[in-house]
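Hi everyone, thanks for coming along. I'd like to walk you through a structure that may be new to you, so please have a look at it first.

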2 protein chains.
Amino acid sequence: MPEPSANADFLAQWRFALAPYNLGYKVKLTSQLMYRAFQERLEPHGLTPFHYLVLCCLWEEDGLSTSGIADKLKQLGATLTGVVDRMESRHLVYRERDPSDRRIVRIWLTEEGRQLMQVLPPLGAEVIEQATANLSKPDQETLLRLLDQVVQNLL
Amino acid sequence: MPEPSANADFLAQWRFALAPYNLGYKVKLTSQLMYRAFQERLEPHGLTPFHYLVLCCLWEEDGLSTSGIADKLKQLGATLTGVVDRMESRHLVYRERDPSDRRIVRIWLTEEGRQLMQVLPPLGAEVIEQATANLSKPDQETLLRLLDQVVQNLL
DNA sequence: CGAAAATAGTTAACATGCTAAGGATTAGCG
DNA sequence: CGCTAATCCTTAGCATGTTAACTATTTTCG
């Protein structure tokens, strides 16, 4: 077992790659806390933050395919299958096979799913306001820009 | 059903709170992509990124309690129980009840868990390098600082 | 035209990550 | 000293989110 001081030197040297100081952990924790804050607000509607992501895609363009939504959100198809299952059981969306290409399942909003467009975005805005309470406008824009760059680097 | 143009106006107005443009989604996606990149590198070792988080805590201070690790990582106790279960089954750590307070379970590194300190941080550093490839040093520091501020706002 | 490749979606198994609840133990208070 | 509150950890159930494999369908290519 190496001397404690050798360990301490090693840890000091690699601190930028170690939790809870590293970028990966900070991003993960930020994501978790925003998720929790949003989940609290969605819970009265019986929804989860991922439901919101799918609804956002469909409010912008109803009748997207499962793979279309997956592409927009950069998620795997298997993930979408499970989420759409649960949204269907909550009568937010319904599935319909595309008649011109029977491989494709299209996801359509129900009236309830459509109505939520008036209700949910303000809740999302509240979370963003809370998260960025003491950040200047330029800092908020910088944060979004830097996240976009990290995403581009990893895609 | 409101006119399409009314919907489009509404969506334009709330765009900053809608996926895939909103802060929450960007942070989530960034976290997922960093997780995937790290997972690819850890897979040959049979580890997951969360194992790494726990190992980081124990490399810095061996013998932490389950709740101590949970506090450091801002996770719930139930989450730690499951992760430590799996790390134990991989012989990375072992559990020992604290003799002076039998409520407490302390988590100790095995020799294998200790040895990984030489191996894993460089892999984490690779992910960070890839993620921040075209970001200047000041921009990297800004990103970390802004994430810290968001975390503070949400805690 | 037919076979192979590609696409779409689902299923199964596993790893988080959450809430709620319960058992065991210790701390605090009257 | 005894009871209550608090703490610690675990368990159970549910929601992602992954990989791998499968079925069904369409596209591509020789």
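Let me begin with a term: a polar contact is a pair of N or O atoms within 3.5 Å, where, within protein, one must be able to donate a hydrogen and the other to accept it, and residues adjacent in sequence count only if both atoms are side-chain atoms. Across the interface of chain B and chain A, the rule finds 16 residue pairs in polar contact, both residues being at pLDDT 80 or more.

Now some housekeeping. This is a predicted model, in which local features need pLDDT of at least 70 and side-chain atom pairs count only at pLDDT 80 or more, while totals for chains, interfaces and linings use all residues. Residues are numbered from 1 along each chain as its sequence is written, chains are lettered from A and ligands numbered from 1 in the order in which they are written, and side-chain values use heavy atoms, with hydrogens and water left out.

Let's stay with the interface. Contact here means heavy atoms within 4.5 Å, and 64 residues of chain B meet 64 residues of chain A. About 6,400 Å² is buried between the two chains, with 71% of that coming from carbon and sulfur atoms; buried area is the accessible area (1.4 Å probe) that two parts lose on being put together, summed over both. Leu23(B), Asn153(B) and Leu154(B) supply 10% of the area that chain B buries against chain A, more than any other three residues.

How are the two chains related? A rotation of 180 degrees, with 0.0 Å of shift along its axis, superposes chain B on chain A at an RMSD of 0.0 Å. That is the relation of a two-fold axis. The same surface serves both copies, as 100% of the contact residues of chain B recur in chain A. The superposition is by least squares on the C-alpha atoms of residues with pLDDT of at least 70 in both.

Next, charges. Side chains of opposite charge can pair when their charged atoms come close. We call it a salt bridge when a side-chain nitrogen of Lys or Arg is within 4 Å of a carboxyl oxygen of Asp or Glu. Four of these cross the interface of chain B and chain A. In one, Asp148(A) pairs with Lys26(B), with the closest N and O atoms 2.8 Å apart. Which helices give residues to the side of chain B that touches chain A? H1, H2, H3, H4, H7 and H8 of chain B each supply at least two, and H2(B) gives the most, with 14 residues. Helices (H or I, at least four residues) and strands (E, at least two) are DSSP runs, numbered from the N terminus.

Lys26(A) and Asp148(B) also meet in a salt bridge, at 2.8 Å from N to O. Lys26(A) lies in helix H2 of chain A and Asp148(B) in helix H8 of chain B, so the pair joins two chains.

Finally, the sheet. Chain A has an open sheet of three strands in the order S1-S3-S2, with antiparallel pairing; strands pair if DSSP finds at least two bridges between them. The edge strands of chain A are S1 (64–65) and S2 (93–97), each pairing on one side only. Ser65(A) has Arg106(A) in S3(A) as its bridge partner. Over in chain B, S2(B) and S3(B) pair in the antiparallel sense over five bridges, and Tyr94(B) stands opposite Trp108(B) in S3(B).
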